[in-house]
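I opened the model to look up its salt bridges. The notes follow in the order I made them.

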Amino acid sequence: MMINNAEQYNDELIKIRRHFHMHPELSFQEEKTPLYIADYLTALGIEVETGVGGRGVVGRMIKDPALPTIAIRADFDALPIQDEKEVPYKSTVPGVMHACGHDAHTAVLLITAKILSQHRDEIPGNIVFIHQHAEEVDPGGAIQMIADDCLRGVDAIIGQHVSSSLPVGQIGYKVGTVTGIPDDFWITLQGRGGHAAHPDTTIDPIAAAIRLCNDLQYIVSRKTKPTAPAVLSITMFNAGEQNNVIPDSAKIGGTIRTFDAETQNLMYSELKRCLEGLVTTTGITYELKYLKGYPPVVNTEKEMMTIVNAARKIDSVTELVELEPSLGGEDFSYYLQRVPGAFFYTGTRNENFKADFPHHHPKFDIDEQGMMNAVKVFLQSVEDYFKKEASE
């Protein structure tokens, strides 16, 4: 079994993850990260394609095109967040950090590729290693890499995400719908500014924006079906610079999260209705920018259960947790629209190491010992996948 010698690479796994953590690169601006990945895979004797879909890297270990082919995907972009941890591997790039775990995803896939490459003669199939750029920003790197043929010849795909919600030792899984549809919006309310002592001579965009924020929550509580979850969060509110001046404009922004197209379309239409109501009652005008997000991740049962059964064979996996669907977004969904596959979650939470902050937090970190579980699950899943394909 390939997992038997995985532990000997744990130090290298951590070293690679820390390298990426110290040198993060933002979505669609990744330059050194893909070079590192390409050089690493090339040294393993794996055929490498660079610039896939823009900045993606694909490694192909093709034994025979007629044999089954499985792909494994990891993302490698960082976020525009200042790293506030006091650790030796703290980000060296001001205002940029791996606050979601993509550094770990990349390290896990590289070590997985290293071990699989050492067993290529024993593997009765083909493996494609998809290193994806720009998962954090729409339109995302997945759809661009797919358009550039990264799934050529692929029969199934698997991927994983580290999780600060699950303690080390746990693996989270879900058959069917796993994530939601993350839409984003930006609204500029244009009024007419003036002296704060004479609000009657103005069209107050701040008052209108406050009303809009309240009205939008009414959509969630009274317009959507109770059985169709929806979240609307205002995350930006910017207006004014002086306490005795009513400004000309106010800007708000946020996100809408849903699980299905019907609820998604309802939320958008009701948002527009609220804005038109403001025009009538306050006299403001508005500009709306609305960006529809990734489709939901929907895991296929066969591939998900292959991962679950593989995880059961790994001693360091202490518990398998069936998850509830999350309204977070993930562009792994685009791969699953083309080929069957599954996406699982690897526990990396450990309060003793301060690895318990949520994703996208300035102090986000992981217990690095959890990464080896992801490596082992990938290795065992690949082995089991090819065995199952050979028996069918």
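Which residue forms a salt bridge with D103, and how far apart are the closest N and O atoms? I looked it up in this predicted model: the partner is R17, with the closest N and O atoms at 3.0 Å. I then checked where the two sit in the chain. D103 belongs to helix α3 (residues 102-118) and R17 to helix α1 (residues 10-22), so the pair links distant parts of the chain, 86 residues apart, with helices taken as DSSP runs. I also checked burial, and both D103 and R17 are buried.

Next entry: R17 again. I found its side chain in a salt bridge with E368, 2.9 Å from N to O. E368 lies in the loop between β16 (341-349) and α9 (371-391), while R17 is in helix α1; the two are 351 residues apart. I noted E368 as buried, like R17.

R17, R18, D103, D365 and E368 are linked in a network of salt bridges.

Next entry: R152 and E49. I recorded a salt bridge between them, with the closest N and O atoms 2.9 Å apart. R152 is in the loop between α4 (141-147) and β5 (156-167), E49 is in strand β1 (residues 47-52), and 103 residues separate them.

Is R152 buried or partly exposed? I logged R152 as partly exposed, because its relative accessibility is 39%. E49 has a relative accessible area of 18%, under the 20% limit, and therefore counts as buried.

Last, I took the total. The count comes to 21 salt bridges.

Definitions and conventions: Residues numbered from 1 in each chain as written. Predicted model: local features only at pLDDT ≥ 70, side-chain atom pairs only at ≥ 80, totals over all residues. Heavy atoms only, no water. Salt bridge = Lys/Arg side-chain N within 4 Å of Asp/Glu carboxyl O. Helix = DSSP H or I, 4+ residues; strand = E, 2+ residues; numbered from the N terminus. Buried < 20%, exposed > 50% of the residue type's maximum accessible area, 1.4 Å probe, protein only.
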